[in-house]
Amino acid sequence: MKIRPPIHLKKGTAAPHRDDIPKLMLKVIEQAYAQPFSIQSNYARANAFFVASAASLGYITTKSSARGGTYGSLWRPTKAGLHFLEKE
């Protein structure tokens, strides 16, 4: 699966309408599922609002269950994030 282009919000523009936030956050969760991205990647920086929103809601994390619950440097979807993807 291809990396999605960043969702750009230009300075001085209004924030997305609250009805659009789940759709835009969905793209970030999909990207984390298709190709986990680095916490310092250009994608994460360009989509910082949506990455932060998804992380604070528990939809993405850098915690790896495969490595005994340690934190890494890649954003990956959580079980809740995968459930959110299936629901949408």
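Modeller: Strands β2 and β3 (residues 70–77) pair in the antiparallel sense over four bridges, where pairing requires that DSSP finds at least two bridges between two strands. Helices (H or I, at least four residues) and strands (E, at least two) are DSSP runs, numbered from the N terminus. Within this pairing, I60 stands opposite P77 in β3. The model is a predicted one, in which local features need pLDDT of at least 70 and side-chain atom pairs count only at pLDDT 80 or more, while totals for chains, interfaces and linings use all residues. Residues are numbered from 1 along each chain as its sequence is written, and side-chain values use heavy atoms, with hydrogens and water left out.

The open sheet has three strands in the order β1-β3-β2, with antiparallel pairing. Its edge strands, each pairing on one side only, are β1 (37–38) and β2 (60–64).

Helix α3 (residues 48–56) lies across β1, β2 and β3 and runs at about 65 degrees to β2. For such angles, axes are lines fitted to C-alpha atoms, for helices over the stretch in contact (heavy atoms within 4.5 Å), and angles run from 0 to 180 degrees between N-to-C directions. In α3, the residues F50, V51, S53 and A54 are buried; buried denotes under 20% relative accessible area, exposed over 50% and partly exposed in between, with a 1.4 Å probe and protein chains only. These four residues lie on the same side of α3 because they cover an arc of only 165 degrees around the axis, the arc being that of the directions from the helix axis to the C-beta atoms. Just after α3, G58 takes a positive phi of about 80 degrees.

M25, placed in helix α1 (residues 21–34), is buried with a relative accessible area of 5%. Not counting residues up to four places away in sequence, M25 touches F50, S53, A54, L57 and Y59.

Y59 also belongs to an aromatic pair: the ring centres of Y59 and F84 are 4.7 Å apart and the planes are at 20 degrees, so the pair is stacked. Rings of Phe, Tyr and Trp (its six-membered ring) pair if their centres lie within 6.5 Å; planes under 30 degrees apart count as stacked, over 60 as edge-to-face and the rest as tilted. This pair links distant parts of the chain, 25 residues apart, with Y59 in the loop between α3 and β2 and F84 in helix α4 (residues 79–87). Both Y59 and F84 are buried.
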